[in-house]
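The sequence and structure come first.

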Amino acid sequence: MRKLEVLIVEDDMRIIDINKRFVSKIEGFEVIATATNGTDAKELLSYTRPQLVLLDVYLPDMLGTELVWFIRQHYREVDVIMITAAKEMEMVQEALRGGVFDYIVKPLVFERFRERLESYREHVIRTREAVEVDQEVIDQMLTRRLVAPKNRDAFAPKGIDLLTLEKVIEAIRQTGDKGVSAEEIGREIGTSRTTARRYLEYLVLEKKARAELIYGTVGRPERKYRYLP
């Protein structure tokens, strides 16, 4: 299957760079254009025709939900995933009424982002291959946003929150080979050292991280964690 072409619409260049980096790590996707406002996004839509738009709500010249309805009116084959800090129920409902595929609340964590884009990719493959569908397939399509997180929670051990785990994974992944301590992870994600260590030790148990003691010139050795890809 050809790579799914993505247009990013976001007014913060730092977030655009993060989104581009995240997309590049996921198989089957390619960012073909970016826009920092709704007007530029409309122009890019007219000649790039992406399969997917990653869209913020708060743009300098319009609300992202207005652009959703513009896309629905003029480019019905284009799908939209909202990535935004907007948590107001009215905004979420308006986006869902406009037919967005998903709605992700910032701050963006890579594991969650990857899960949603992989879910979208599977949806595209399933709908492209199907000529006729039965009720079971229709139910899967309509409940895709509800089923996946529920299934994932079933595998979460007691005392491990999946959203916090995603934050820990992203934080330790960004440290590369230098390693990081539980105290440093705690500061990064806003939890206590004890909580951070519990999640780090869980990753070690799951063979997603490696722990080793680092001996300094004075004091007790420090336990450092490195991510295992």
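The model is a predicted one. Tyr-120 counts as buried as well, because its relative accessibility is 1%.

## Aromatic pairs

The count of aromatic pairs comes to five. In one of them, Phe-22 and Phe-110, the ring centres are 5.1 Å apart and the planes stand at 65 degrees, so the pair is edge-to-face.

Phe-101 and Tyr-120 form another edge-to-face aromatic pair, at 5.1 Å centre to centre and with 80 degrees between the planes. Here too distant parts of the chain are linked: Phe-101 is in the loop between α4 (89-97) and β5 (102-105), Tyr-120 is in helix α5, and the two are 19 residues apart. A single aromatic cluster is formed by Phe-22, Phe-110 and Phe-113.

## Charges over rings

Which residue lies over the face of Phe-110? Lys-25 does, at 5.4 Å from the ring centre. The ring of Phe-70 has the charged end of Lys-42 over it, 4.6 Å from the ring's centre.

## Arg-116

Arg-116 is found in helix α5. Is Arg-116 buried or exposed? Its relative accessibility is 18%, so Arg-116 counts as buried, the limit being under 20%. Apart from neighbours within four places in sequence, Arg-116 is in contact with Phe-101, Asp-102, Tyr-103 and Ile-104. Phe-101, in the loop between α4 and β5, is thus listed among the contacts of Arg-116 and is also paired with Tyr-120.

## The annotated aspartate

An unreviewed UniProt entry carries the annotation "modified residue: 4-aspartylphosphate" for Asp-56. Asp-56 is placed in the loop between β3 (52-55) and α3 (64-74). With a relative accessibility of 5%, Asp-56 counts as buried.

Which residues does Asp-56 contact, leaving aside its neighbours within four places in sequence? They are Val-9, Glu-10, Asp-11, Gly-64, Met-82, Ile-83, Thr-84, Ala-85 and Lys-106.

## Glu-222

Glu-222 lies in strand β7 (residues 222-227). Its relative accessible area is 34%, so Glu-222 is partly exposed. Leaving aside neighbours within four places in sequence, Glu-222 is in contact with Ser-181, Glu-212, Leu-213 and Ile-214. Between Glu-222 and Val-180 the C-alpha to C-alpha separation is 9.6 Å, and in sequence they are 42 residues apart.

## The chain as a whole

Ten helices and seven strands occur in the protein chain. Of its 229 residues, 43% are buried.

How much of the contact count with a separation of 6 or more comes from residues 24 or more positions apart, and what is the share? In the protein chain that share is 61%.

Note on methods:
Residues numbered from 1 in each chain as written. Predicted model: local features only at pLDDT ≥ 70, side-chain atom pairs only at ≥ 80, totals over all residues. Heavy atoms only, no water. Helix = DSSP H or I, 4+ residues; strand = E, 2+ residues; numbered from the N terminus. Buried < 20%, exposed > 50% of the residue type's maximum accessible area, 1.4 Å probe, protein only. Contact = heavy atoms within 4.5 Å. UniProt positions renumbered as here; feature names shortened; annotations may be inferred. Phe/Tyr/Trp six-rings, centres within 6.5 Å; stacked < 30°, edge-to-face > 60°. Lys NZ or Arg CZ within 6 Å of the ring centre and 35° of its normal.
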